[in-house]
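Open the model in your viewer and keep the selection panel at hand. Each stop below tells you what to select next and what is there.

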Amino acid sequence: MIRNAKKIAGYSLLATVSAGLLTIGMQFAMRWQVEKEIKEDLQISADVMLERASDAAQTAINVLNNLAQSPGLSCTTDHRYRYSDAARSTAWIDTIGLVDRNGNLVCTDLGQSARQTGLLPAYQVGDKAVTLSLSAGAGQFDMPSLLVVRHVANGRRLVARVPGELVRIDPVRNDLRRFRYAMLSMGSGTHWFILEPETAGGEIIDRVSVHSDVLPFEVQMSITEAAIDVVTADEREFINLLGLFFGLIMVGIGWYFGRYRPSDGDIILDALDNGEIVPYMQPIIDLDSGAITGCEVLARWLKPDGSVVPPHEFIPLAQNYRLTREVTCRIMQDSCRLLDPVVREGQVFKVALNLFSHQMIDDSIVADIEDVFKDSKLGFKNLIFEISDRVPIQEMDLAKDVISQIRALGAEIALDDVGSGHSGLYNLSSISVDILKLDKLLVDALDGGFAGPELVQGLISLAENLNIGVIAEGVETEEQVIQLRKMGVSAAQGYLFAPPLPAASFCKLMKVARKRQTASEVIPDMEEATETGAEEAA
Ligand SMILES: Nc1nc2c(ncn2[C@@H]2O[C@H](COP(=O)(O)O[C@H]3[C@@H](O)[C@H](n4cnc5c(=O)[nH]c(N)nc54)O[C@@H]3COP(=O)(O)O)[C@@H](O)[C@H]2O)c(=O)[nH]1
């Protein structure tokens, strides 16, 4: 199972939906743009068609006006040459002929000799000098031609024929013509031609209508929606591919952001599971005899790369992620297991374990202590639980209850960090403890400073009066040992004797200490074990 599968699925769904919306948005925008362009094209088409029709008609009128300047136009070869020349002078006209007053075509330009009866209506006095009419198409599907008629004399008229095929050419894209309807009309219901769409039906998306101010032409055009689908076919495919591509990228991003990234809490849990958080033991020495009377258990994180992480770097993380119970249990279990060989040899010594201040108001710690130590050889009576005086206990009644339960098991309670910067002896006034642990700051103050020795002496007297023991912490010099002994302190720990040691080194040290009972014999060997321990720790 992929870790964070739900998260990845959520992100991917979000990504897919956004890719889908983006694709739809792009399709919509593209369709809107194409529709706009099609409408513009339709307008241009209509304008061009009207312009062509007007240009063709106007050119034919001009050509016929020029011819009409010549007097006595007839069907002589000479005149027919003139008609031919005039017809060829412009692409719009395909033939020019002469029509008699009865409307019969009597001759045309050269090459167009056939006589045609009834081409135009009979001439009426008062007819306009120039008229426009339409010829019938030769076949059913032929387009009628525009006949431009110019009266010359005696009811005779010059006629120029303008074929519709030349006018209907329009610039609309081939694929759009199938959906376009176009009509060029000449007023009063007469239309020159109608271009029907190839594909009938469909919603009309635009209609345009343009007309000439000078000539009786009007162009009407419309186009159906299907044209948009045809025009956008390639683009739609492209956008869909783009959407798919974008969707895949978004899913990738979703996976990236949703993938499992362990929190600091997960890292601590993994370290616990992998046995990387281990107990180190710092010996507690009897200053009178030099014997090791116990140890303080201090947690260390041994990383796989060999580095040793001190507690102040990972304990706050464990606190943030509410993993203090797990840490405490692991340290207690490992201490119990690792010290077992020493205990089995019959050595009696005290093991001090640190508790978190909030554990003082949660009696699950009592059950945990019982669980771990109930069957151990060490026994509850050799356990000391240290609670820090740095943090005032909030719910004193609860704390008193938890402490009395721990003491009822037979274990002792030590008030740690007494005399440290944040210790106010507040806790001491409310809870009963068995041991005071003088902080390194106080021990350092023995060497000098204002009222240092008096302060220590005062606390020692206080402890004596309360009938509680004292352990000095952070002892680093022999002078401190001498002073502490003078003041009546008989238990201490510190780098002078040994730093916190890996369990194996501490056990080795205990073995040596068992053989040599006196301080003068033990301390030199302790240095040896300490060096070994430091090497192992490294
Ligand atoms: N609730 C728990 N708290 C724990 C646990 N393990 C450690 N801790 C607390 O972390 C604090 C720092 O501990 P650490 O870095 O191990 O420091 C201790 C000693 O190594 C250090 N020490 C001892 N002797 C000397 C010395 O001569 N010189 C010197 N400079 N330092 C020395 O002092 C610290 C003693 O700790 P404490 O007695 O508790 O004050 C510390 O507050 C630990 O309590 C854990 O498992 N649970």
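Select strand S6 (residues 180-185) and strand S9 (residues 218-224): six bridges join them, and they run antiparallel. Strands (E, at least two residues) and helices (H or I, at least four) are DSSP runs, numbered from the N terminus. Two strands pair if DSSP finds at least two bridges between them. This is a predicted model, in which local features need pLDDT of at least 70, side-chain atom pairs count only at pLDDT 80 or more, and totals for chains, interfaces and linings use all residues. Residues are numbered from 1 along each chain as its sequence is written.

Now pick Ala182. Met221 in S9 stands opposite Ala182.

Contact here means that the C-beta atoms of two residues, placed from the backbone, lie within 7 Å.

## Second stop: H1 and H5

Which helix packs against H1 at an angle of about 160 degrees? Select H1 (residues 5-68) and helix H5 (residues 226-258); their axes are 8 Å apart. Axes are lines fitted to C-alpha atoms, for helices over the stretch in contact, and angles run from 0 to 180 degrees between N-to-C directions. H1 is therefore roughly antiparallel to H5. Angles over 145 degrees count as roughly antiparallel, under 35 as roughly parallel, 65 to 115 as roughly perpendicular and the rest as oblique.

The contact of H1 with H5 holds 20 nonpolar, 12 polar and five charged residues. Ala, Val, Leu, Ile, Met, Phe, Trp, Tyr, Cys and Pro count as nonpolar, Asp, Glu, Lys and Arg as charged, and the others, Gly among them, as polar.

Next, select residues 238-257. UniProt places the feature "transmembrane region" there, in an unreviewed entry. UniProt positions follow the numbering used here, feature names are shortened, and annotations may be inferred rather than shown by experiment. In the model, this span is 100% helix and 0% strand, and its end C-alpha atoms lie 28 Å apart.

Select S3 with strand S4 (residues 146-151). Five bridges join this antiparallel pair. Val130 has Arg150 in S4 as its bridge partner.

Then go to S1 and S2. Three bridges pair them in the antiparallel sense. Gly97 stands opposite Thr108 in S2. S1 and S2 form a hairpin with five residues between them. Click Gly103 in the turn: its phi is positive, about 95 degrees.

## Last stop: H8 and H9

Select helix H8 (residues 324-344) and helix H9 (residues 364-373). Their axes come within 10 Å and cross at roughly 25 degrees. H8 and H9 are therefore roughly parallel to each other. Show side chains: H8 residues including Arg325 and Met332 meet H9 residues including Asp368 and Phe373. This contact divides into five nonpolar, three polar and two charged residues.
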